[in-house]
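Welcome, and please take a moment to look over the sequence and the fold.

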Amino acid sequence: MRQPQFRIETVNTPAQLQEFDRAAAAGFGQPDDDTVYSTPLLTDPRYDFYFIRQSNKIAAGVQTFTNNESIGVYTLFTLPEHRRKGFAKSLVNHVLSLTPDLPAVTNPSEDSDHLFRNAGFSHIGTRTIWLHVPS
């Protein structure tokens with residue numbers, strides 16, 4: 001069976017960023033009533049957002065944060081109906097090709113752990129997350 005053709009696009013407009021935000025929420029099984037990404041990120045050269053569109057809707061996406069020391073690969077998602085088509089793998093390979101001289105970092109979910117291992121990432125430690133609950 002032949003894989004469908006697709007291309008990786010870059011988020012450039014506030015409308016695309018809002019669409020990315022909603023698709024990411026759906027990809028993670030979250031309600032999409034809150035905005036996570038604000039439009040000033042579109043003019044911050046450290047942040048980039050990439051996506052793959054199918055049937056005129058975002059099917060998968062990834063957000064990156066690049067500085068002089070590394071490229072961070074975050075918010076990797078694929079909508080449930082588009083999983084197992086190679087979209088996430090293509091997005092990861094794409095962002096790794098953007099800065100081949102920089103190390104890449106991520107904090108994968110259990111669902112994407114295998115994808116990052118297959119892309120050459122290795123586990124170097126566990127992240128500690130802190131929570132403050134107002135009294």
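## A threonine and its surroundings

Leaving aside residues up to four places away in sequence, Thr 78 touches Gly 27, Ala 59, Ala 60, Arg 83, Phe 87 and Ala 88, where contact means heavy atoms within 4.5 Å. This is a predicted model, in which local features need pLDDT of at least 70, side-chain atom pairs count only at pLDDT 80 or more, and totals for chains, interfaces and linings use all residues. Residues are numbered from 1 along each chain as its sequence is written, and side-chain values use heavy atoms, with hydrogens and water left out.

Thr 78 lies in strand β4; helices (H or I, at least four residues) and strands (E, at least two) are DSSP runs, numbered from the N terminus. Is Thr 78 buried or exposed? Thr 78 counts as buried because its relative accessibility is 11%, and buried means under 20% relative accessible area, exposed over 50%, partly exposed in between (1.4 Å probe, protein chains only).

Now to the sheet. Its five strands form an open sheet in the order β1-β2-β3-β4-β5, with mixed pairing. The edge strands, β1 and β5 (104–105), each pair on one side only; two strands pair if DSSP finds at least two bridges between them. Strands β3 and β4 run antiparallel and are joined by six bridges. One partner pair is Phe 65 with Gly 72 in β4.

Next comes helix α1 (residues 14–27), which holds Ala 25. Buried residues of α1 include Leu 17, Phe 20 and Ala 25.

| Strand | Residues |
|---|---|
| β1 | 8–10 |
| β2 | 47–54 |
| β3 | 57–66 |
| β4 | 71–78 |

Ala 25 has a relative accessible area of 13%, so Ala 25 is buried. Although Ala 25 and Phe 77 are 52 residues apart along the chain, their C-alpha atoms are separated by 8.8 Å. Just after α1, Gly 29 takes a positive phi of about 70 degrees.
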